[in-house]
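Me: Hi! I'd like to go through this one with you, beginning with the ring pairs. Could you tell me how they are defined before we look?

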Amino acid sequence: MKGRQLLTIIGSVTLINFIARVLGFFREAVAGYQFGTAFQADSIIIAYTIPNLLYITAGGAIATAFISVYGKIEDPREQGKYLESFFSWLMVGLTLLTVCFVLFSDIIINLLFTGLDTHTAVLSARLFQVMAPATFFLILSMWLRSLLTVNDRFAIAAISTLVMNGSFLVIAVLLFPWLDAFAHGYGATLGAILMFVFLIYVIKKNRLFHFRLTFHRSEKVWRTFMMMVPVMLGGATLHIYFLLHRVFAAWLDEGFITALNHTSKLVQMPQSILMTAVTTVIMPVLSRKVAQREDRHIANFFSLGLHLLALAIIPISVFLYFYAEPTVQAVFQYGQFTEASTAMAVPLLQVFAIGMFFHAANVYITRFYYAYERSIYPLIVSLVSVVGLNVLLNIALIGPLGATGLAWGTTISAGFNFLLLLLGLKGVIEWGKKPLRKAMWATLGKFTSLTIIITVGLALFTSVFFPANPFVALLSGGAVLFVLLIALFIVLRFPELDFIKDVMKNRK
């Protein structure tokens, strides 16, 4: 796959992901409108924590491990046997897990979120019982999407998320007058089922798999599951952060679980759109390059991806820091989400915005470890950063700073995680050549300059012009950011400007 073709595919997948994420984000805004920061909003977030966490972490790990192993099997008959066996064992495991969730929903919620008051705990457990079956369909759907991506059906795989988020939103809105908070519970489960049905239809239509249950003993299936465990723990740092937010925030006043969730989703949105697109397309390509031992290409691939990530995320994070209040007002402050709710959310959003690049980069870098089947180091790094440093910071900061202390714990430990992952890559990727190293230092200098100038520019602008209307504030700040970026692209000679010029010339 050539560079321009790769960028085109990433662009189309990004667009589809953007629409899907907007729908998902709109669902959060609808919940904010319906419940504000009341206990029902906290309960919906708590109940969906486990299905969503497992969808992203276990589902993502299954997809990553599957792509890595499947991409190295050349014989079509062996590929077929591997698919049958993997699907069969996965079905058994997920069925047992889902039944346990349904039967023991009260115990699980009370064990994880010990600080909840009685009415929040009861509603959370009942909602979790309704949402638990979504776990089965979400994780299987993630695997089916990976099957589509290894067969280069990137856009269809991305559309499945659109189906889920769209149906979840519609069900949550339509059933709300009759079911109240349970409209979101049934929306989660029915949305996951519809995504699963859509994927089965597409895969059967393209004759990629026949869904036959066959319980073979397979070394490849065993290898996939063994690889999956550290990948799940090492590559799911962002969502473990979110779980820990809710566990610790259960001890704070009512509404902080919702405030942490909404602001973290705001920060997560741009990086998730970009990262899902990049990793969906890159992972299969990367696995093939590793199998073919194209080390030099992989090093260039890594540098290009990290460069694009920084270019996309750093300006947004600086903008979000200065425009946190109008952003929360414009997105959430409707219905039951009042000025008091906005006041709870703004400082959290500012702190989360500082760590945006680290979260995205951590997901991106770990994909390179997994492509080489080196999953232990990122696992250790994640345990040290997320479970070790982050928990210690949460304990130390929640007293003096409240929920803002939890946000700082996340941001600081994400930066620490990034540094450790970057240091460890020296023994994985062949990127120690002098020309490449020199280019990386030059790139670092450009991005440091870009960050400082944008920060100073927006600080000066907001000190003289900060209108009360959130939409006017966001539009004026966005215009200033755009002008600053264009000027910096020219002055600092970012190569992306030449790419844009080439595209515009080719269209004429």
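Me: How many aromatic pairs does a search of the whole structure find?

Reply: The search finds 29 aromatic pairs. In one of them, F86 and F225 have ring centres 5.1 Å apart and planes at 20°, so they are stacked. That pair links distant parts of the chain, with F86 in helix α3 and F225 in helix α10 (residues 219–234), 139 residues apart. Helices here (H or I, at least four residues) and strands (E, at least two) are DSSP runs, numbered from the N terminus.

Me: Before I go on, what kind of model is this, and how are residues numbered?

Reply: This is a predicted model, where local features need pLDDT of at least 70 and side-chain atom pairs count only at pLDDT 80 or more, while totals for chains, interfaces and linings use all residues. Residues are numbered from 1 along each chain as its sequence is written, and side-chain values use heavy atoms, with hydrogens and water left out.

Me: What about F87 and F209, how are their rings arranged?

Reply: Their centres are 5.4 Å apart and their planes at 80°, so F87 and F209 are edge-to-face. F87 lies in helix α3 and F209 in the loop between α9 (182–205) and α10, so this pair ties together parts 122 residues apart in sequence. F87 is buried at 6% relative accessible area, and F209 is buried too, at 7%.

Me: Which residues do ring pairs link into a cluster?

Reply: The cluster holds F66, Y70, Y82, F86, F87, W143, F209, F211 and F225.

Me: Switching to charges. How many salt bridges are there?

Reply: The whole structure has 4 salt bridges, each being a side-chain nitrogen of Lys or Arg within 4 Å of a carboxyl oxygen of Asp or Glu. K220 and E78 form one of them, at 3.8 Å from N to O. K220 sits in helix α10 and E78 in helix α3, 142 residues apart. K220 is partly exposed at 23% relative accessible area, and E78 is partly exposed at 32%.

Me: And which residue does R223 bridge to?

Reply: R223 pairs with E219, their closest N and O atoms being 3.7 Å apart. Those two are 4 residues apart in helix α10, so about one helical turn separates them. Another bridge joins E28 and R27, with closest N and O atoms 3.8 Å apart, and both residues are buried.

Me: Let's zoom out. How many helices and strands does the chain have?

Reply: The protein chain has 21 helices and 0 strands. Buried residues make up 57% of its 508 residues.

Me: How many residues are in the largest nonpolar core?

Reply: That core has 151 residues, and F66, W143, F357 and I429 have the most contacts inside it. Helix α2 (residues 39–70) gives the largest share, 19 residues. A nonpolar core is a set of buried Ala, Val, Leu, Ile, Met, Phe, Trp, Tyr and Cys residues joined through side-chain atoms within 4.5 Å.

Me: What is F357 in contact with?

Reply: Leaving aside neighbours within four places in sequence, F357 contacts L306, L309, A310, I313, I314 and F418. Contact means heavy atoms within 4.5 Å.

Me: Last one: where is I354, and what is it in contact with?

Reply: I354 is in helix α15 (residues 339–354) and is partly exposed, at 40% relative accessibility. Beyond its neighbours within four places in sequence, I354 contacts Y321, W408 and T411. T411 belongs to helix α18 (residues 403–424) and is buried, with a relative accessible area of 5%.

Key:
Buried < 20%, exposed > 50% of the residue type's maximum accessible area, 1.4 Å probe, protein only. Phe/Tyr/Trp six-rings, centres within 6.5 Å; stacked < 30°, edge-to-face > 60°.
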